[in-house]
Amino acid sequence: MSDMDLFKIRDLANEGIKVELATPDGKSTDHWLKVRSIWSDDFQAARAEVLRLSVEDGKKAAGLKGKEAENARKEGATRRQAALIASLISDWSFKDKPCTDANKLQFMLDAPQIRARVEQIADADQLFFAKRSPASSPGASRKSRSSGTRKAATAQPKNT
């Protein structure tokens, strides 16, 4: 391995990690998402697209006035953020819905607590790039959380 290999993360960022999902009240489920790192190719491309769309939405909202303009800006910002976070999901366990861009976007809009957790996980470099043994699980387990941790943090990372 060359010295430069110590810094290569692209493959691991694109591969992602399996994240178990719990209901909003903290109950375990059999559902999961596969979440990529913020350094993944798909996220980087989505970020560039969101920046482009932000400029376009700003121009559209400029033609509106008052509450209508404010609502258009808020709705556009929410959809752009949800689309960006949706780009971090590469697969999921939902059998009734294929893991398409449209379905991922709708899920991120409908489940903002999951959107926040996906963003948190994707930004945690150590979950993707720390040396992991097959028997270990990155991050804190559900049982090791302090009682002050939000219950809405519904997804827990799991090795695949």
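The side chain of Arg 36 reaches the backbone oxygen of Ser 87 at 2.6 Å, and the backbone oxygen of Ile 89 lies 3.5 Å from that side chain. Both are polar contacts, meaning a pair of N or O atoms within 3.5 Å; within protein, one atom must be able to donate a hydrogen and the other to accept it, and residues adjacent in sequence count only if both atoms are side-chain atoms. Please keep in mind that this is a predicted model, in which local features need pLDDT of at least 70 and side-chain atom pairs count only at pLDDT 80 or more, while totals for chains, interfaces and linings use all residues. Residues are numbered from 1 along each chain as its sequence is written, and side-chain values use heavy atoms, with hydrogens and water left out.

**Around Arg 36**

You will find Arg 36 in the loop between β2 and α2. With a relative accessible area of 11%, Arg 36 is buried; the term stands for under 20% relative accessible area, with exposed over 50% and partly exposed in between (1.4 Å probe, protein chains only). Leaving aside neighbours within four places in sequence, Arg 36 is in contact (heavy atoms within 4.5 Å) with residues including Ala 13, Asn 14, Asp 42, Ala 122 and Phe 128.

**Strands and the hairpin**

Helices (H or I, at least four residues) and strands (E, at least two) are DSSP runs, numbered from the N terminus. By that count the protein has 6 helices and 4 strands, in the order α-β-β-α-α-β-α-α-α-β from the N terminus on.

Strand β2 has two partners to look at here, and strands count as paired if DSSP finds at least two bridges between them. With β1, residues 17–22, strand β2, residues 28–35, pairs in the antiparallel sense over 5 bridges; Glu 20 has Trp 32 of β2 as its bridge partner. The two strands form a hairpin with 5 residues between them, and Gly 26 in the turn has a positive phi of about 95°. With β3, residues 89–92, strand β2 again pairs in the antiparallel sense, over 3 bridges, and there Leu 33 is bridged to Trp 92.

**Leu 33 and Phe 94**

Leu 33 lies in strand β2 and is buried, with a relative accessible area of 0%. Its contacts, leaving aside neighbours within four places in sequence, include Ile 17, Val 19, Ile 89, Ile 114 and Val 118. Phe 94 is another of its contacts. This phenylalanine, Phe 94, sits in the loop between β3 and α4 (101–110) and is buried at a relative accessible area of 18%. Beyond neighbours within four places, Phe 94 is in contact with Leu 21, His 31, Leu 33 and Phe 107.

Some residue pairs that lie apart along the chain are set out below, with their C-alpha distances.

| Pair | Separation in sequence | C-alpha distance |
|---|---|---|
| Leu 33 and Ile 89 | 56 residues | 6.6 Å |
| Phe 94 and Leu 33 | 61 residues | 8.9 Å |
| Glu 49 and Ala 83 | 34 residues | 9.8 Å |

Glu 49 lies in helix α2, residues 41–62. Its relative accessible area of 35% makes Glu 49 partly exposed, and its side chain joins that of Arg 52 in a polar contact of 2.5 Å.

Helix α3, residues 66–86, has 21 residues and reaches 30 Å from its first C-alpha to its last, close to the 30 Å expected at 1.5 Å a residue; the expected span is 1.5 Å times one less than the number of residues. Among the buried residues of α3 are Ala 69, Gly 76, Arg 80 and Leu 84.

Of the 160 residues of the protein, 32% count as buried. The protein exposes about 10,200 Å², of which carbon and sulfur atoms supply 54%; these areas come from the Shrake-Rupley method with a 1.4 Å probe, and for residues, only the protein chains shown count as cover. Residues 24 or more positions apart account for 62% of the contacts with a separation of 6 or more.

The average pLDDT (the predictor's confidence in each residue, from 0 to 100) is 82, and 79% of the residues score at least 70. Over residues 133–156 the pLDDT is below 50, though this stretch has 42 contacts in the model beyond near neighbours in sequence. Where pLDDT is low, the predicted coordinates should not be read in detail.
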